[in-house]
Amino acid sequence: MSGLIQSSIARKVAMALSGLFLVFFLLQHFSINFISLFSPDLFNEISHFMGTNPVVQFLLQPILIFAVIFHFVMGFVLEIKNNKARVVKYAKYNGGANASWMSRNMILSGLVVLAFLGLHFYDFWVPEIVYKYVETNPELPTRYYEELVHKFESPVRTGLYVLSFVFLTLHLWHGFASSFQSVGFNNKFSIAATKFAKVFAIAIPLGFVIVAVVHHLNH
């Protein structure tokens, strides 16, 4: 029994650590995108560095892809394990009285976010790889801003983008805060950390939405 408990704790810690890593990437990605609202030249400069730096391209990028896959696979594993652990089935269960909607639907919100990431990889990462490594086009340091703005010309695409970040907010609202508890961060600072996580869960996705809407309206 103790081995099963330790295994469950280990999975939760691994899930939390991968989530925290993805939160850090999300903040970095948002910071670059947000710059595009104020300085296209600086956005191009930073994007060019990120797009051509070998450490970013051949070390950090594969780690990021692995973290995304690991986080979502581990999420499904934990969900399956949790369902199997509920040996006693209640005739009537009032889930809302025991847990928030977000905590009870992490798989649903996660699936929507995963679908968006899949579209993002197909729509951005794959063409970028083809542009640089298959077609071997010459690198144009000023192309990034125009490509970003072009992505938000379509109202349908922009709407789906906004919707995906609404679900990301729901996912982060519970997931980011609970990750601190999963890694053992349960002390006098835990309340402040939880509040920070809640603010982050709203502010960062909202920032992505603002970037998309502003570029859509200005195209």
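This is a predicted model: local features need pLDDT of at least 70, side-chain atom pairs count only at pLDDT 80 or more; totals for chains, interfaces and linings use all residues.
Student: Which residues does serine 164 touch, not counting residues up to four places away in sequence?
Tutor: Numbering runs from 1 along each chain as its sequence is written, and side-chain values use heavy atoms, without hydrogens or water. Contact means heavy atoms within 4.5 Å. With residues up to four places away set aside, serine 164 touches Val113 and Phe116.

Student: Is serine 164 buried or exposed?
Tutor: Serine 164 is part of helix H7 (residues 155-182). Helices (H or I, at least four residues) and strands (E, at least two) are DSSP runs, numbered from the N terminus. Buried means under 20% relative accessible area, exposed over 50%, and partly exposed in between (1.4 Å probe, protein chains only). Serine 164 has 6% relative accessibility, so it counts as buried.

Student: How are H7 and H8 oriented to each other?
Tutor: Axes are lines fitted to C-alpha atoms, for helices over the stretch in contact, with angles from 0 to 180 degrees between N-to-C directions. The axes of H7 and H8 (residues 190-218) come within 8 Å and cross at roughly 170 degrees. Angles under 35 degrees count as roughly parallel, over 145 as roughly antiparallel, 65 to 115 as roughly perpendicular and the rest as oblique. H7 and H8 are therefore roughly antiparallel.

Student: How many nonpolar residues does the contact of H7 with H8 have?
Tutor: Ala, Val, Leu, Ile, Met, Phe, Trp, Tyr, Cys and Pro count as nonpolar; Asp, Glu, Lys and Arg as charged; the others, Gly among them, as polar. The contact of H7 with H8 has four polar residues, one charged residue and a nonpolar count of 21.

Student: How many salt bridges are there?
Tutor: A salt bridge is a side-chain nitrogen of Lys or Arg within 4 Å of a carboxyl oxygen of Asp or Glu. By this rule, the count is four.

Student: What is the N to O distance between lysine 132 and glutamate 128?
Tutor: Lysine 132 and glutamate 128 are four residues apart in helix H5 (residues 106-134), so about one helical turn separates them. Lysine 132 and glutamate 128 are both buried. Their side chains form a salt bridge, with an N to O distance of 3.7 Å.

Student: Which helix holds arginine 143, the salt-bridge partner of glutamate 128?
Tutor: The closest N and O atoms of arginine 143 and glutamate 128 are 2.7 Å apart. This pair links distant parts of the chain, 15 residues apart: glutamate 128 lies in H5, and arginine 143 in H6.

Student: Which residues share one salt-bridge network?
Tutor: Glutamate 147 and arginine 143 also meet in a salt bridge, at 2.9 Å, N to O. Shared partners join one network of Glu128, Lys132, Glu139, Arg143 and Glu147.

Student: Which helices do the buried residues of H6 pack against?
Tutor: In H6, the buried residues are Arg143, Tyr144, Leu148 and Val149. The buried residues of H6 pack against H2, H5 and H8.

Student: How far apart in space are methionine 74 and arginine 11?
Tutor: Methionine 74 is in helix H3 (residues 54-85). Beyond four places in sequence, methionine 74 is in contact with Arg11 and Met15. Methionine 74 and arginine 11 are 63 residues apart in sequence, but their C-alpha to C-alpha distance is 7.3 Å.
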